[in-house]
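I am opening this notebook to log a few look-ups.

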Amino acid sequence: RESDHRAWTPVSYTVTRQNATVQGLTEGKAYFFRIAAENIIGMGPFTETTKEIVIRDPITVPDRPEDLEVKAVTKNSVTLTWNPPKYNGGSDITMYVLESRLIGKEKFHRVTKEKMLDRKYTVEGLKEGDTYEYRVSACNIVGQGKPSFCTKPITCKDEIAPPSLDLDFRDKLIVRVGEAFSLTGRYSGKPAPKVTWLKDDIVVKEDDRTKIKTTPTTLCLGILKSVREDSGKYCVTVENSTGSRKGFCQVNVVDRPSPPVGPVIFDEVHKDHMIVSWKPPLDDGGSEITNYIIEKKDAHRDVWMPVTSATVKTTCKIPKLLEGRDYQIRIYAENLYGISDPLISDEMKAKDRFRVPDAPEQPIIKDVTKDSAVVVWNKPYDGGKPITNYIVEKKETMATRWVRVTKDPIFPSTQFKVPDLLEGCQYEFRVSAENEIGVGDPSPPSKPIFARDPIAKPSPPVNPEAVDKTRNSVDLSWQPPRHDGNGKIIGYLVEYQKVGDEEWKKANLTADSCPETKYKVTGLTEGLTYKFRVKAVNAAGESEPAYVPDPVEVKDRLEPPELILDANMAREQHVKAGDTLRLSAVIKGVPFPKVSWKKEGHEVSPKADIEVTGVGSKLEIRNTVHEDGGIYSLTVENPAGSKTVSVKVVVLDKPGPPRNLQISEVRSDSCYLTWMEPEDDGGSVITNYVVERKDVASAQWVAISSSSKKRSHMAKYLIEGTQYIFRVAAENQFGRGPYVETLKPIKAMDPLHPPGPPKNLHHVDVDKTEVSLVWNRPDRDGGAEITGYLVEYQEDGADEWTKFQTVPMLDCVVTGL
């Protein structure tokens, strides 16, 4: 019967063998069969087949497996997969046989005894670099079928594939605060790449809100309940040994902005309006601020009134205020995603609060000169508006009109140098400050100052000396200081010291008690010896002291001679040539001393007029010449002693001639001149030298240098072959001295040198008493034409050379040998 039918169908009625062939069956259908034995008594019970039998052709070995593929290769393993054969031979596959052959060998070897019914196997333990091919066969109960087609030769090495990355997100992503977002994608690569997530170059770590999920082929970063801090540049890196791939996404988590930054600044306050300013929010919510909303409120009411909602500036004018009322301002920032919390100002009263600046304090004057002074002041209160300018004015003390010192603005400096003062005039100064409201009141006038150069301390008094003495006093006399420091000498301070003591005592307490150049020091002790010194005083202070040269013994005056020198007997006296020299001194002594004038230890010139009076002596020389200079001495002598003073007199004149004029380094177009300074510089520094030249055939001297301070000069631009004479004179501030000339002319030509040796000297003929010689010209002629050749000979073994003769040509016959 068919397996899906219940009725049995007879196949044969008379079968005597133990087998039977059933005909007429349908291929592919399943049947049950039963058999019963029969004898003459009757039919016995049936025996059924235990399971259905599908009608097919007879069972054979399976077909070859299909689609043998290499799935993975490493340096020591190969992973293979395949599909079952199309036909299993009529019987279930019981196992697969996998075989390999090393390239270069003939036989295939079975790889494993495993049954491999899952059709996948990894061959391990291979040698890196070896190459194999594989095949697989299927087995059923009949036996092993044909092997599959062989794989291509497979070399054992790590399989490499650079990473690839396929992202599901774009370059930019905008997310509202509180929402979740995820970044996903797929990747591949051999060996398996490492996946790393970064945010703003910092590795992302998982936490309660941040989740990272990575499978062998997919990647995902998810963030729950996003906050503003989640904004940033996200980067995923897929990397293996062959390289890396990166993907980026700029995530912007947006929200409404934070409040504007306070405090609210009231830039201007008026009775009917205000101008306020503020700073933008610290966080714009990730989106540009589109506008600010400004509202105002009377402090005594609860209603906020709109001012504007259309401004994008951080400043705003608040109009329509009532004078005297207090107001508050509140400001919101708005972007695409909402309106911030408000910034609320302090209360501010609507009233005018700006005015002109206050008057500065009294200015101070410093750095006064004869034509300028620096005015310094402190910044006053600006009246609520920034100061933009200062106005400095001056006036003469006795005048009434103030004059502005400059039209240029003075700001921000709080000092100004006033120019163009008149020397000796007394001035006062005042300063006003200006803002945009107007000019404030001027400061009080400064203290009056005189326009003159600053005063320095004076130099010491000149030639203090003791001119008289008694048993308890000494009379001192001196001359005024050479320099008063640009200030009037108020007077002099006189001090004395007992020899052996360290302390100086004051003879007068104040300088104005000694305005003259003399003073009587009283209250001294008879028989003691004292030192004295004098200081000059002006408004700047005391000078250095000038000391009386020798200690003075206090006793009734003796009679030795005394000399009180006039100013013209100071250490050195300068007189211009042609002027009159005057030397004079006051002479004291009892009896009146004998007076003698000397010059350099000898009698003075007869042209000197010497005058001696009862109080002094004078020497006078008219029309001085340079020779009148020297050291003049005045000696006064009486029986009680003698005294000599000397003065060096310098008569200033033109200098003498330079010395030792030399010429060297003569060339065809130049030569070098050197000389020494004059023995006599005329009493003044040599300022320069004048150098001139003259062609010997010309009567005209030509200046080639008139300003050189050096004692040498390179004379250039000479004409070759021309003879020249040079001369030099020195100049000082009094004129040009006499010239010194070169002793003989010099010819402008390059220097001559001996010629080089003749070349290639050899004989061309020899006789018993003579030799014929020839040679070639030398390489160099020394700068002049060769005039001849000197021929010498020497006997072999001798020391001396014998001159034969000088010949003009390049050959010679030496005879007499």
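Which residue in S16 is the bridge partner of Lys-199? I find Ile-202. This is a predicted model, where local features need pLDDT of at least 70, side-chain atom pairs count only at pLDDT 80 or more, and totals for chains, interfaces and linings use all residues. Numbering runs from 1 along each chain as its sequence is written, and side-chain values use heavy atoms, with hydrogens and water left out.

**Sheet.** S15 (residues 194-199) pairs with S16 in the antiparallel sense over 2 bridges. Strands here are DSSP runs of E, at least two residues, numbered from the N terminus; two of them pair if DSSP finds at least two bridges between them. I traced an open, mixed sheet of 5 strands, ordered S13-S20-S19-S15-S16. S13 (172-176) and S16 (202-203) are the edges; each has a single partner strand, so one side of each lacks a neighbour in the sheet.

**Cores.** The largest nonpolar core holds 21 residues. Such a core is a set of buried Ala, Val, Leu, Ile, Met, Phe, Trp, Tyr and Cys residues joined through side-chain atoms within 4.5 Å; buried means under 20% relative accessible area (1.4 Å probe, protein chains only). Among those with the most contacts inside it are Trp-597 and Leu-634. S53 (630-638) and S54 (641-652) are among the strands that each supply at least two of its residues. A separate second core has 19 residues, including Phe-266 and Met-348.

**Record.** UniProt's unreviewed entry lists 259-353 among its "domain: Fibronectin type-III" spans; its annotations may be inferred rather than shown by experiment. I get 0% helix and 53% strand over 259-353, with end C-alpha atoms 29 Å apart.

How values were computed
Buried means under 20% relative accessible area, exposed over 50%, partly exposed in between (1.4 Å probe, protein chains only). Helices (H or I, at least four residues) and strands (E, at least two) are DSSP runs, numbered from the N terminus.
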